[in-house]
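Here is a short report on one protein chain. Please look over the sequence and the model before reading on.

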Amino acid sequence: WRAQGVVLANGGFSEPVVPSAAKALPGSLQQFTVRDYKNPAQLPPGEVLVVGASATGLQLAAEIRRAGRTVTLAVGEHVRMPRTYRGRDIQYWLARTGLLDERYDEVDDLARARNVPSPQLVGTPERATLDLNALSGAGVQLVGRLACVRDGEALFSGSLRNVCALADLKMNRLLGTIDEWVDGNGGPEATQAAERFAPTRVSEPPCLRIDLGTGRIGAVVWATGLRPDHSWIRLPVFDRKGRLRHDGGVVDAPGLYVLGLTFLRRRKSSFIHGAEDDSRDLVAHLVDYLRAGQPAWHRNQTGSTPVPR
């Protein structure tokens, strides 16, 4: 197939990201990615270590714990966010205040913005908030970020308290932004009072190591993120880390575009409703590119370009 333009819209979350520490785990220990894991029944006997505390990690830890298993959750940088606030779903506020419409060329550090973990949100009929406090209250042990595996031991960062305090601080800043918007705009949203949530509880002293050779831990579930699969693209359009080079979806190759990546053009780019505005921008660029690149025999004597059939 030959084409003057190609749009990559095959998703930004295709391949599980597994850290290099996985290679150092004892061979007897079963490992599962978010693609492999289906339900708690498939896990071998023993305790379960879930690595990653974004949306997926929290949901898996909660599900495995509800099945009666002992669960340890390794917590790194994360985005704490309530499911509802002032009587509305948090996504309502993110859209209403314009935060989701913030553009990629308006942020100070785009690389940082594109690597922020996904919020700790879960969808349930009762719109429940699932956070680290809910998990620890259910009996899940919290440890710091998995730093490495050495001599059969999993070693964890001692900065869990600081990481959680930073997540709490950022959540309260977000809620403050929402409160300011409500105060300035009034309307029906002003009828619900502002609220704040309890700080994340972290036990002292933190657990810094787990011996993986004793048989206590039976399985490790890697909830450490997903990345797009662009392995089939045979073009020099990737950086040294294997990420697609693009400017708001315009790839570093004439006629090649991408949609659906995190913060592609706006904060909402990776959400379903974020595709509309991004598509409109990229289609305009694509049309200009196609018109400029048409062969001479496509143009009439006045120099105008006929509308393609």
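## A histidine in a loop, and a ring cluster

H230 sits in the loop that runs between β13 (226-227) and β14 (246-247). The model is predicted. Is H230 buried or exposed? Its relative accessibility is 8%, so H230 counts as buried, since the cut-off for buried is under 20%. Which residues does H230 touch, apart from its neighbours within four places in sequence? The contacts are L8, N10, F238, L244, V258 and L261.

Now the aromatic rings. A pair of aromatic rings is described by the distance of the centres and the angle of the planes. To count as a pair, ring centres must lie within 6.5 Å. By this rule there are two aromatic pairs. In the pair of Y92 and W93, the ring centres are 5.2 Å apart and the planes stand at 80°, so this pair is edge-to-face. The angle cut-off for that label is over 60 degrees. W93 is buried, with a relative accessible area of 0%. W93 also pairs with W181: the centres are 6.4 Å apart and the planes are at 70°, so this pair is edge-to-face.

| Ring pair | Centre distance | Plane angle | Class |
|---|---|---|---|
| Y92 and W93 | 5.2 Å | 80° | edge-to-face |
| W93 and W181 | 6.4 Å | 70° | edge-to-face |

What does the pair of W93 and W181 tie together? W93 belongs to helix α2 (residues 90-96) and W181 to helix α5 (residues 160-185), so the pair ties together parts that are 88 residues apart in sequence. Both W93 and W181 are buried. Y92, by contrast, counts as partly exposed, because its relative accessibility is 25%. Ring pairs link Y92, W93 and W181 into a cluster. R88 lies over the face of Y92, at 4.4 Å from the ring centre.

Next, the chain as a whole. The chain has six helices and 16 strands. Its C-alpha trace spans about 80 × 55 × 35 Å along the principal axes. Of the 309 residues in the chain, 40% are buried. Take the contacts between residues at least 6 apart in sequence: 69% of these join residues at least 24 apart.

Last, surface and charge. The accessible surface of the chain is about 17,200 Å², and 52% of this belongs to carbon and sulfur atoms. There are 39 positive and 33 negative side chains. The centres of these two sets lie 4 Å apart.

Key: Residues numbered from 1 in each chain as written. Heavy atoms only, no water. Phe/Tyr/Trp six-rings, centres within 6.5 Å; stacked < 30°, edge-to-face > 60°. Buried < 20%, exposed > 50% of the residue type's maximum accessible area, 1.4 Å probe, protein only. Helix = DSSP H or I, 4+ residues; strand = E, 2+ residues; numbered from the N terminus. Lys NZ or Arg CZ within 6 Å of the ring centre and 35° of its normal. Contact = heavy atoms within 4.5 Å. Areas by Shrake-Rupley, 256 points an atom, 1.4 Å probe, with all protein chains shown as cover. Lys, Arg positive; Asp, Glu negative; His and termini not counted. Charge placed at Lys NZ, Arg CZ, Asp CG, Glu CD.
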